[in-house]
Amino acid sequence: MKLSATRRTGAALCAVALSATTLVACSSDSADGGGSSGGGGSSDGAGERGPITFAMGRNDTDKVTPIIDKWNEEHPDEQVTLKELAGEADDQRDTLVQSLQAGNSDYDVMALDVVWTADFAANQWLEPLEGDFEVDTSGLLQSTVESATYNDKLYALPQNTNGQLLFRNLDKVESKPDTFEDLKSACEAVEGDCLTTQLKQYEGLTVNALGFINGWGGTVIGDNGEPTVESDEAKAGLQALVDAYEDGTIAKGSTAATEEETNLAFTEGQTAFAINWPYMYSNAEEQGLNFEVQPLVGESGVGVSTLGGYNNGINVNSKHKATAKDFIEFIINEENQLSFAKASFPPVLSSIYNDEALIEEHPYLPALKESLENAKPRPVSPFYPAISKAIQDNTYAALTSGKSVDDATKDMAAAIKQAAQQ
């Protein structure tokens, strides 16, 4: 999957921004509008059952349509109507925000890009999953649960996920690197481009910068929301990224590369290594490439991928919250999560990654599971768009304009503090 790892087999995390949009619906039936404004959770509709609407970006609705059909067959009095949102993440968010700000109940369940969960929770638009709405997350990948948690409270139930992988062309590099230093050493013997990744100034740069910062033991913000990006560990990770770009370990074309340019560079045999989402695996197979995949590599071992995917949240103004809760739990049962895996839409149920028949069909699954087990959500904050912009602006300047890592991290921290004060 590409970034938001939920576009293209669950790929392509887009940057979060507001812009006007219109809703594209699968049905002309509209849910009951209005409703009281939400507090930090409401008991209204807690025991009520009935028809609900499920809103999700249209790029990936083909994965959930069969699940909705199964639910509707089993629940004739609690039908789920799919409301397809626009394909672009910012347009999806805008549609949801407009409805939620008005206190409407148009959408009972919303598939939220993982980076929106904290923002929606902070605005008290989501029903906390506690008390009557408590759900069992013990079988889920822990990193996905963390992405749905804000201020130590679960506000959504993970639906699907995604993690980055390190792809290696075996005709160029035979030995598997265990650390990033191993990868750098291997690159010394490679003619042409060695490692291609996404360093263009967009959300992909945030994702990859975080991979280095987290992979060297650093973080961007702490549990209290204060910036931590000036720590020695965070600076070391960002410096490793800058150094690798300057010394040629990372291909110069990476500062103009998105996932698709990375995909083309690797599948056409132009680069020895590539960091990308699992969707590239089938593309490389189709090209007949001799390659292997593994989790990312960090300073001292397995690296840290950021997460993509969707979390399903319940509208605090839903009139049928009991049905909504049962539906989001239905999506993560074993049968439905298996259907996600078969559609190359990475599931959140940990046990699916141990299915031998599935692994034979999708050989990258063990590496993806290890990647997800070591992954971290992007900063969980209602100010995430500002945090992402601060990371992008300053990392790009460090890569291309000679800005020092000390100054880059200092300016990141200042921008994050300013965003929190607005």
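I took rings of Phe, Tyr and Trp (its six-membered ring) to pair if their centres lie within 6.5 Å. The model I examined is predicted.

**Entry 1: ring pairs.** I then took the count for the protein, which comes to 15 aromatic pairs. Among them I noted Phe180 with Trp216, an edge-to-face pair with 5.8 Å from centre to centre and 75 degrees between the planes. I placed Phe180 in helix 5 (residues 180–187) and Trp216 in the loop between helix 6 (203–215) and helix 7 (232–246), so this pair ties together parts that are 36 residues apart in sequence. I also recorded that Phe212 and Trp216 are stacked, at 5.5 Å centre to centre and 20 degrees between the planes.

Entry 2: I checked relative accessibility against the cut-off for buried, which is under 20%. Phe180 is at 5% and therefore counts as buried. Phe212, at 6%, is buried, and Trp216 is buried at 11%.

**Entry 3: charges over rings.** I found the charged end of Lys63 over the ring of Phe345, 5.0 Å from the ring's centre. I found Lys252 over the face of Tyr245, at 4.3 Å from the ring centre.

**Entry 4: the whole protein.** I recorded 15 helices and 11 strands. Of the 422 residues, 59% are buried. The protein exposes about 16100 Å², of which carbon and sulfur atoms supply 42%. Among contacts between residues at least 6 apart in sequence, I noted that 75% join residues at least 24 apart.

Key. Residues numbered from 1 in each chain as written. Predicted model: local features only at pLDDT ≥ 70, side-chain atom pairs only at ≥ 80, totals over all residues. Heavy atoms only, no water. Helix = DSSP H or I, 4+ residues; strand = E, 2+ residues; numbered from the N terminus. Buried < 20%, exposed > 50% of the residue type's maximum accessible area, 1.4 Å probe, protein only. Contact = heavy atoms within 4.5 Å. Areas by Shrake-Rupley, 256 points an atom, 1.4 Å probe, with all protein chains shown as cover. Phe/Tyr/Trp six-rings, centres within 6.5 Å; stacked < 30°, edge-to-face > 60°. Lys NZ or Arg CZ within 6 Å of the ring centre and 35° of its normal.
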